[in-house]
Amino acid sequence: MTTDKAAVAAAASATAASEAMEKGNGFYAAGNFDEAIVQYLKAITIKPTNPIARRNLTAVLYEQGDYPACLGAIEAALTCEDEDSKRTILRVRRAKCHFFMGYFEEAKVALQKAIDGGAEEQEGFMEAVESYLAVSRKDKKVAFEDVASIPRLRPNLSEFCWHILHGYDYAIAAITDEDILAKSTESLEPALNLAFFYGADGDARSFYQQLHHLDSYNRLRPTYGLPPSKEINDTFFMALQDESAYTMARTVIILRLLHDLASVEKRFGNDQVEVEREQLLSTIWYVYGSDIMPPYIHTALVEMIDSLIDGDETFGIDWLKCTPGTYDAIRQVFIGWVSQVNYLTEIFNASYAQTVVGIRRTPDHEELVQTGLMGGALKLEKEWTQYKESRMVYPSQILAKAKEPELHQLLKELKTESPETRASTLKEYAAKNWNANFTLWQATEYYDQNQTTWIESCDTLELMDTLLEGITQNGKKDIIDMRTQHSVKSVHLGIVDAIAPFFMSCSNALQQMNVKVTIGVGDTLRQLDFYRWEIGGEEHRAFDIVYLGNSAEYYGGHLSMLVHAIPSLKDGVESAFVQSSMPETQGFFYNLRHTMAEYFCLPSVVQAECFLGLKQIEPALVEEKAKENTGPPDFSMSFWGLKKKPNTKPQKELFGRWLIHVFFKLAIPFPGATVCQPLTLSTFVRLCIYLVEVRRIPAHWITAVVDKLLVGLVNTSARPPAHLPQELFEVTYINWDKKNRGQTKDFRITAFIPELKSLLTRYQPLLPFYLLTPLPLRSEIAKYTMKMELDLGAGPTTMMNIFAFILAKNATTRGQEWGRLHKLLSQGNGIEDAYFYTNFEVTVLDKGVWSHLVEIAWWMEETVAEEMRNHKWGALMVRIDNWSVVGSLKEATEMMEKVSVS
């Protein structure tokens, strides 16, 4: 009887183990590794000596990328594995775990044991291990600096970076005053330490809104019985970055005015304080949100800029710091403004602003002024009616009375006049007495080069509405109190009066709290790299919030945001996010899914979470806007956070197909100018790094794809894009079952291999994955330059005029081939005896009417360069918006020069 029970129990255990194994195999095949591990462990618990369960467990742990756990499972599996062939498989797997963890000595020892045990066809693997052992691991800081110098974008001939006068986005505080208070009271730390990055700074509207909310947070603290923020040593770091020195120069002016506001009582007697404070606050708005300004504001502004030119590198602001090169760039703008102000004022005066300059924004202004701003609290109809004609924003009555008594009297007299009379009279007065806001002007070279004039400016009312829409309850109370005081005194409350409390609160935050501001002129995403890698003179910084405005539109969309900005967020902070807008190209997308298809080659936000670890976040104000919108959803303002552990990993085969699709998208962009396509194969390498370091995709998944690409002939069901922007049906294969994912096809991509190899070599010290394909040593690649004449008759030099550089055998005698270049590449036929470059630099040496002499610089293997020289290869420059040749050299390699790089 006992024997029967034992037999039944044994049979039941065997059945349970078999069922667990079957379930585990099913989960493994489906890519659900977590569940597969559970089932294999269940089978092992039932029968610890089950070699198949233990061997399968090592396989799933390996595929999951948990190499340390896999090594432990391998040791356990070897103790109960009798078959030599299976023991060999386990030993090779052990060597691979060490290899992908970067332990090359251990990998070599483990691999040799596997070979001694009968493993075959491991020559390539051993060669890869030994190649990594032979390479000295370069100091990472040196590697970071090298990688940061790699061009992120394809070059174009648009030389001028004009400053965007005003932004497109809502003025949203990244963290509201109440949320900051909640963070402070709920945090286990004694003090807050928050960091904000604002790229493509523009008019800095979100930065000012955040300062306003910081001040309100500080004012809220005493109402909850808490000490002021400064007493508990809260710290707030805020970085502002823009490519235009002109944009940043305007911001510096306003920052200096905010700084001076805090000390006005110390610098002036009691009888002057009120007027001086009014003048500083008014100057902020005349610089920020007005086309013209009173003469005394204009004079004081020029004097202040003169003092900034002669001042130190902080522009006299104790809480301000400039990144390297920024002070000099801004100072040159100031010198230009002061030296050219008389010349430009003759051309662009107040009368010009009234008659030529168009208001950039055109919302329903009449409804806005009639219903009132701030939910009807501010009635500005009279001022707006005359502003449309005169462009005059009223100075406060205190300021007008003290500084411009003629205008003060005129405004009194016009109170009872008709709107038409008031508008025409003030228009005439402003044209005669007021000055244009010269900080709105571009560089003189911009006007000369583009043969254009100052034709677009700001809408003061909409700017004000944008700023006030996101203010705090404290901010609203300040404005209501001011309106009440003005009403009691029977004094008109104007635009300048109404916006003054907002900027006063910004000044309070900077003065009364531990706020440090760093400003930078230059590439926004490169500056994020500098903070992340501690190069370019920067300390290491990670951020709670990264605001990119609409810069991603020019930097290649959300993919550039992903690889540069997302890794800059603070690790482990779930509330950290990146904001990235796409306003200009929004008209070319049907919805957010269509945007995902173009920029991520993915069909939905759900898949972006699975493949990239992204999660979409919508701040409260954006949610409110979406509810108010009766038309198509406003998906231009995208907010992305990082989901540390998405529910599932993508299926491995599908992931590989997608990554090759992204490679095609970057290497062979579809012709067209509707969406900017400046990204390069460097972006592909950065994406691979992101996928391992941030998304935690197993390193050997990436290796499998990159090794396949490096062969130069890849068999895949992926295809280069067939539309611009990419259509949803081109990426929806991700939602299909395996049998419907398309036919595989051989794609010849040998033309891209020299660039890909040189990039991977430069990135190698930073790569979190290791390749089986040998790469050239760092000493075996070099930088080369050559000069070429570019034909401008091929089309306009716009932002879409982005190039590919081609080195080819018999370059100038293959015209028919170059005429169907995109077709040959996109169909997989490839181009024989030709190398394509997406990463290269173009420097204009001499500008002609119809052509430019340029110098081209790129990196490649020295052996490849020598081979090309021996066969006298030529060169081509191609526009990728229409894939036409714009420059060629018959024997370019004779003009190649090797550049010495430290």
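The model is predicted, so to speak of a local feature a pLDDT of at least 70 is needed, side-chain atom pairs count only at pLDDT 80 or more, and totals for chains, interfaces and linings use all residues. Residues are numbered from 1 along each chain as its sequence is written, and side-chain values use heavy atoms, with hydrogens and water left out.

**A helix with one buried face**

Let's start with α6, which covers residues 104–116. Helices here are DSSP runs of H or I with at least four residues, strands are runs of E with at least two, and both are numbered from the N terminus. From first C-alpha to last, the 13 residues of α6 reach 18 Å, close to the 18 Å expected at 1.5 Å a residue; the expected span is 1.5 Å times one less than the number of residues.

Which residues of α6 are buried? They are Phe 104, Ala 107, Ala 110, Leu 111 and Ala 114. Seen down the axis of α6, these buried residues fall within an arc of 120°, so they line one face of the helix. The arc is taken from the directions from the helix axis to the C-beta atoms. Buried means under 20% relative accessible area, exposed means over 50%, and partly exposed is in between, with a 1.4 Å probe and protein chains only. An α-helix has 3.6 residues a turn, so residues three or four places apart point the same way.

The buried residues of α6 pack against α5 (84–100) and α7 (123–134), where contact means heavy atoms within 4.5 Å. On the other side of α6, Glu 105 and Asp 116 are exposed. After α6 comes Gly 118, with a positive phi near 110°.

**A four-stranded sheet**

Now for an open sheet of four strands, in the order β17-β16-β20-β21 and with antiparallel pairing. Two strands pair if DSSP finds at least two bridges between them. β17 (834–837) and β21 (884–889) stand at the edges with a single partner strand each, so one side of each is left without a neighbour in the sheet. Strand β16 (residues 803–808) is joined to β17 by four bridges, and Phe 805 has Tyr 837 in β17 as its bridge partner.

**Rings that pair up**

The structure holds 52 aromatic pairs. Rings of Phe, Tyr and Trp (its six-membered ring) pair if their centres lie within 6.5 Å; planes under 30 degrees apart count as stacked, over 60 as edge-to-face and the rest as tilted. Here are two of the pairs.

| Pair | Centre distance | Plane angle | Type |
|---|---|---|---|
| Tyr 198 and Phe 207 | 5.9 Å | 75° | edge-to-face |
| Phe 577 and Phe 639 | 5.5 Å | 65° | edge-to-face |

Phe 577 sits in strand β10 (residues 577–581) and Phe 639 in strand β12 (residues 637–642), so their pair ties together parts that are 62 residues apart in sequence. Tyr 198 and Phe 207 are both buried. Ring pairs link these residues into a cluster that also takes in others, including Trp 285 and Tyr 547.

Most residues other than glycine have a negative phi, and most peptide bonds are trans. Ala 204 has a positive phi near 60°; it lies in the loop between β1 (193–198) and α10 (205–223). Cys 601 also has a positive phi, about 60°, and is buried at 2% relative accessible area. Leu 724 and Pro 725 are joined by a cis peptide bond, with omega about -5°.
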